[in-house]
Amino acid sequence: MSRDQILGAIRRSLKRGALPADQQAMLRDRLQRHPRHPIPARSRLPHTQQVDLFVRNVEKEFGTVARVAAPEDVPAAVADYLATQNLPGRIVLAPHDELRAMPWSTRPLLEIREGRAQASDLVSVQHGYAGIAETGTLMLPSAPNRPTTLNLLADTEIVVLRAASVVGAYEEAWDRLRAEFGSMPRNVMLVTGPSRSADIEQTLELGAHGPRRLHIVLLGESDSA
Amino acid sequence: MHIATSPAFKENASKALSNAGLQKALARSGPSFIARRAAAVAALPEFEALRDAARDIKNHALANLDFYLETYERNVLESGGKVHWCTTADEARAAVLSICQAAGAKTVTKGKSMIGEEIAINDHLEAHGITPVETDLGEYIIQLRHELPSHIIAPAFHLNLEDWEEAFRQAHTDLPADRTFHERRDILIEARTKLRSSFLAADVGITGANFLVAETGSSVIVTNEGNGDLTQTLPRIHIVLASIEKCVPTLEDTVSLLRVLARSATGQDFSVYTTFSTGARRPGDLDGPEEYHVVLIDNGRSAMLGTEFQDMLRCIRCAACMNHCPVYGAVGGHAYGWVYPGPMGSVLTPGLIGVDKAGHLPNASTFCGKCESVCPVRIPLPGLMRHWREREFERHLVPSAVRANLGIWAWFARRPRLYRLATRAAAFGLGLAGRRRGRFSRLPLAAGWTAGRDLPAPEGDTFFARYAREKRSGTLQ
């Protein structure tokens, strides 16, 4: 069987048999402890500054950010963004309780469908799980209330993210994910800015196959607070 | 398998040098890759420490690869996926085909995968009536032009805008005649529109993997376009192609490698989409594939473990080595004649298709050391090329004239006094003969050198003599 052949070939090449029990125990312990390696100092900041760094990095990677104070302000922020971009007031919304609890009815012109994205959707609104300040990266783990297609199919993706969910480094986001999900979600996307390609003459063009625009509505802990 | 033209490297290289389009592309793109990496590295003070960590993580994973692969497999199974172990490219092709056939697949979308190129999966699927569609923009045009990629992260590195227009006009026959492609943007929009329907129609999506995470049983892909994510999310079946050395222990290990990957590759701090896929669709999920298969491929890797070439298995395919290589910069990727070009290809290709076929590649190096100096996992690439040269010599693959000359040189080199005398006489003689012009455009027995460039005339003295003189006088620098 190929499995045994490959494992056997690896062991022969490494000039040993299967690892002895004590070494296996050490490796299992390493997996369990999942030790960290050097982490760049740039994100080791007080939380408000981490949020600022996150915003700066998102903007550096061609994303945009609007900051709002309270959940009640989110529907207006979404509607305003669509208006300024000349986009239709039609969104597909992640079926997430935090988003559902927002007063969307205050924007009656906004047409809302809940669920996964379809090819015809122009704008999706996703629930952000975490923001990683180090590189302005969103962590978007899949779940029934956070469909992956919302990150991919629409021309414009809007992510609603609590400022409290911004962390410094990737490692902090993994720790939160491990604690809250227990096991690895089916899909975890780390998204840094809108889709792009440099395949034509090695020159950057925005808007390849994923969303052409990535807009983040950042909730709470506003600049002024 | 692709028929390697690596044995014809010299002919390939001379054709490449006179290919105006290729030279234009190389002159444009080479310097920009170098500048972007330098800027990203300069912005991160910890970069050298991160390179050390990246090297150590891969070394640890390779030293315990059997253990981590078994752990990885267990976690894939636990999350509802399947692992297909394949010792050879043939087995891997058969495994992919049987999954596709069992699903009754007609079209397959593909994310960029170098192991996919290595096992020539597209040809195999096509031969069995299944249409593969490459969705990475660079791979897409390569497929239209029936070529191999010329670069491991920028497949269409060798092409110019006019080549794109030509390929698109030929393939997209529904285009109106007045449709213009004056801007790169026009190409991108056309490809986005065209491929969108492929994404939606595909029965199976095939991606590669930058990493396999043992701790969680995840496969990781890194893209800027989002094509890999559409490929692995929309079809009913997701197949991951990965070679065994991609396996790393934990999520922490993975992000540490990711920190050096994008910076070394494109000079980005992080790629746009870094995605961890773990098993099939879960209860309650509204999207995602119903089946998740990993085709885990050895194809020569396990034989490199435990040898002087084990270090090569650390490679994370960033392409920094080829971006900084003067040889790659002069001849481009296709001259190397197989899937992997540049310094990493010069080490990996002989290991995978044999030094008898790929012996020219480790010789196509000036040993300037630039590749090693930028490698994020510190692979000693020039040293490994030297090992291949030694093996080539040991196996009598070196042409007899070269062997004979090396023999003559070695005879002198083992007799230092005679060597100094002979080189002194030669330097003096050549210095005298070439004093007037300062260089030779022709020289007996040295046509191989002078055919392409002049030989500078020695100034009359040897290195040894000058070294000894300056040491005596204390002016040695």
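Two strands pair if DSSP finds at least two bridges between them. By that rule, strand β7 (residues 237-243) of chain B is joined to strand β10 (residues 291-297) of chain B by 7 bridges, and the two run parallel. Within β10(B), Ile297(B) is the bridge partner of Ser243(B). This is a predicted model: local features need pLDDT of at least 70, side-chain atom pairs count only at pLDDT 80 or more, and totals for chains, interfaces and linings use all residues. Residues are numbered from 1 along each chain as its sequence is written, while chains are lettered from A and ligands numbered from 1 in the order in which they are written.

**The sheet of chain B**

- Helices (H or I, at least four residues) and strands (E, at least two) are DSSP runs, numbered from the N terminus.

**The nonpolar core**

- A nonpolar core is a set of buried Ala, Val, Leu, Ile, Met, Phe, Trp, Tyr and Cys residues joined through C-beta atoms within 7 Å.
- A residue is buried if 20 or more other C-beta atoms lie within 10 Å of its own, exposed if 12 or fewer, and partly exposed in between; C-beta atoms are placed from the backbone.
- The largest core has 183 residues, and those with the most contacts inside it are Cys247(B), Val295(B), Ile297(B) and Cys321(B).
- Helix α12 (residues 251-265) of chain B supplies the largest share of this core, 8 residues.
- In soluble globular proteins, nonpolar side chains tend to be buried together.
- Two residues are in contact if their C-beta atoms, placed from the backbone, lie within 7 Å.
- Leaving aside residues up to four places away in sequence, Ile297(B) touches residues including Cys86(B), Ile115(B), Leu241(B) and Ser243(B).

**Helices of chain B, enclosed and open**

- Helix α16 (residues 342-353) of chain B has 12 of its 12 residues buried, so it is largely enclosed by the rest of the structure.
- Among those buried residues are Met344(B), Val347(B), Leu348(B) and Ile353(B).
- The expected span of a helix is 1.5 Å times one less than its number of residues. For α16(B) this gives 16 Å, and its end C-alpha atoms are 16 Å apart, which agrees.
- Gly354(B) follows α16(B) and has a positive phi, near 105°.
- Helix α24 (residues 463-473) of chain B lies largely in the open, because 0 of its 11 residues are buried.
- Gly474(B) follows α24(B), also with a positive phi, near 75°.
- Arg420(B) lies in helix α22 (residues 416-433) of chain B. It counts as partly exposed, with 16 C-beta neighbours inside 10 Å.

**Chain A**

- Chain A has 6 helices and 12 strands.
- Of its 225 residues, 47% count as buried.
- Its C-alpha atoms fill a box of roughly 70 × 40 × 40 Å, taken along the principal axes.
- An open sheet of 6 strands in chain A has the order β1-β12-β7-β4-β2-β3, with parallel pairing.
- β1 (64-68) and β3 (111-114) of chain A stand at the edges with a single partner strand each, so one side of each is left without a neighbour in the sheet.
- Strand β4 (residues 123-127) and strand β7 (residues 156-162) of chain A pair in the parallel sense over 5 bridges. Val159(A) is the bridge partner of Gln126(A).

**Where the chains meet**

- Contacts link 79 residues of chain B with 61 residues of chain A.
- Helix α10 (residues 184-201) of chain B gives the most to the side of chain B that touches chain A, with 8 residues.
- Strand β9 (residues 187-191) of chain A and strand β9 (residues 273-277) of chain B run antiparallel, joined by 5 bridges.
- Phe276(B) is the bridge partner of Val188(A).
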